[in-house]
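Take a moment with the model below.

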Amino acid sequence: MKKYGIIICLLSLLLFSCMSEQDKLEKANKNLGSKKNPIKMYFVPSMEASTIVTSGEAIAKWLEKETGYHFKVAVPTSYAAVIEALGTNQADVAWLPTFAYILAKEKYDVQVKFMTIRNGLSKYRGQFVARTDSGIDSLEDIEGKVIAYTDAASTSGYIYPSAILRQKGIKPDKYTFAGGHPQAIAAVYNGNADVACTYWSPPDANGRPKDAREKLLDTYPDIFEKVKIIALTDSIPNDTVTFRKGLPQEVDQKLVQALTNFSQLPEGKKILRELYDIDGLEPATDADYDIVRQTLKILGKDPKEFLNI
């Protein structure tokens with residue numbers, strides 16, 4: 001009996017691989033939003049996964065009431081996994097960081113719908129941080145050191161910082177991918193890395209830092225004293241809310257309107273802030289991200305260098 005089950009699974013996989021792209025799209029779109037085929041909303045693991053799941057499910061619950069659709073939330077283990085999910089119709093909506101969006105657009109022609117807003121700004125920067133007692137005070141001091149990046153598709157946590165170091169001819173001894181911004185900061189705080197690269201946002205109106213170190217304040221109350229900023233990258237357009245290619249027009253329009261409404265409500269603002277420190281959502285187009293492509297070109301880098309796509 002087990003043998004026949006394996007044969008059936010193999011035949012199903014073979015049948016799926018023989019389907020045309022149009023057939024796969026029609027299958028993905030059939031009764032989309034129903035209990036049997038819920039809208040799949042994916043989030044990248046840039047923060048603690050449990051926090052993202054909680055906020056993501058809160059968004060999904062509100063959207064279900066607003067649209068009548070059913071939703072499923074997931075947080076894969078890497079940015080690349082979210083990109084691939086969009087390209088294979090396993091994800092319908094994804095909250096993608098800037099460079100991950102650019103890669104997904106190039107490979108799968110995904111459609112950006114919103115740009116996030118933080119502290120009233122549509123741009124942010126990357127930062128290089130080190131322990132205050134490390135003797136590392138400039139980019140040149142990173143030569144021969146250990147760097148903790150966040151993820152291979154993180155704009156502020158890898159793409160921009162690594163491109164800057166290459167451009168300047170600065171060679172660290174080695175680097176690791178910590179799996180998220182707080183994790184990279186923690187690696188420096190705990191002495192497991194000399195330098196971390198994460199996102200930077202300007203301090204709030206009261207002068208409180210709002211960069212990635214803030215996420216560890218409860219765990220490490222002295223984080224701002226022990227870990228310092230040594231350099232910043234150029235400005236980067238904020239992250240996105242992106243839909244996969246070929247989403248039914250009715251679903252597309254309904255989701256855009258629902259997310260717009262959600263982002264303007266006090267409840268929605270609270271959940272978005274808990275999710276990724278988001279204050280609001282603004283309509284976006286692919287052209288809004290051309291500056292990143294142009295910056296990489298100036299640095300002599302091709303997006304395809306950073307992921308196998």
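Leaving aside its neighbours within four places in sequence, which residues is L281 in contact with? They are W95, F114, M115, T116, V241, L259, S263 and L272. Contact here means heavy atoms within 4.5 Å.

This is a predicted model, in which local features need pLDDT of at least 70, side-chain atom pairs count only at pLDDT 80 or more, and totals for chains, interfaces and linings use all residues. Residues are numbered from 1 along each chain as its sequence is written, and side-chain values use heavy atoms, leaving out hydrogens and water.

**A buried strand residue**

L281 sits in strand β11 (residues 280–283). Helices (H or I, at least four residues) and strands (E, at least two) are DSSP runs, numbered from the N terminus. The relative accessibility of L281 is 13%, so L281 counts as buried. Buried means under 20% relative accessible area, exposed over 50%, and partly exposed in between (1.4 Å probe, protein chains only).

| Helix | Residues | Span | Expected span |
|---|---|---|---|
| α3 (49–67) | 19 residues | 26 Å | 27 Å |
| α9 (249–264) | 16 residues | 23 Å | 22 Å |

In both cases the span is close to the expected one.

Look at α3. Its buried residues are I52, S55, G56, I59, A60, W62, L63 and T67. Seen down the axis of α3, they fall within an arc of 165°, so they line one face of the helix. The arc is that of the directions from the helix axis to the C-beta atoms.

The buried residues of α3 pack against β1 (39–43), β2 (71–74), β3 (93–95), α9 (249–264) and α10 (266–276). Just after α3 comes G68, with a positive phi of about 85°.

Now α9. V251, D252, L255, A258, L259, F262 and S263 are its buried residues. Down the axis of α9, these fall within an arc of 140°, so they line one face of the helix. Q249, E250 and Q264 are exposed on the other side. Two of the buried residues, L259 and S263, are among the contacts of L281.

**Two loop residues**

N89 lies in the loop between α4 (79–87) and β3. Its phi is near 65°, a positive value in a residue other than glycine. N89 is buried, at 15% relative accessible area.

N119 lies in the loop between β4 (111–117) and β5 (123–131). Its phi is positive too, about 50°, although N119 is not a glycine. Is N119 buried or partly exposed? At 37% relative accessibility, N119 counts as partly exposed.

**The cavity**

The structure holds one cavity of 30 Å³ or more. A cavity is a set of points, on a 1 Å grid over the protein atoms alone, where a 1.4 Å probe fits but cannot get out; lining residues have an atom within 4 Å of a point. The largest cavity holds about 250 Å³ of space. Its lining has 17 residues, and S46, R118, H181, Y199 and D239 lie nearest its centre.

Definitions and conventions:
The expected span of a helix is 1.5 Å times one less than its number of residues. On a 1 Å grid over the protein atoms alone, a cavity is a set of points where a 1.4 Å probe fits but cannot get out, and a pocket is an open set with protein on both sides within 12 Å along at least five of seven lines; lining residues have an atom within 4 Å of a point. Grid points are joined across faces, edges and corners, and a volume is the space filled by probe spheres set on the points.
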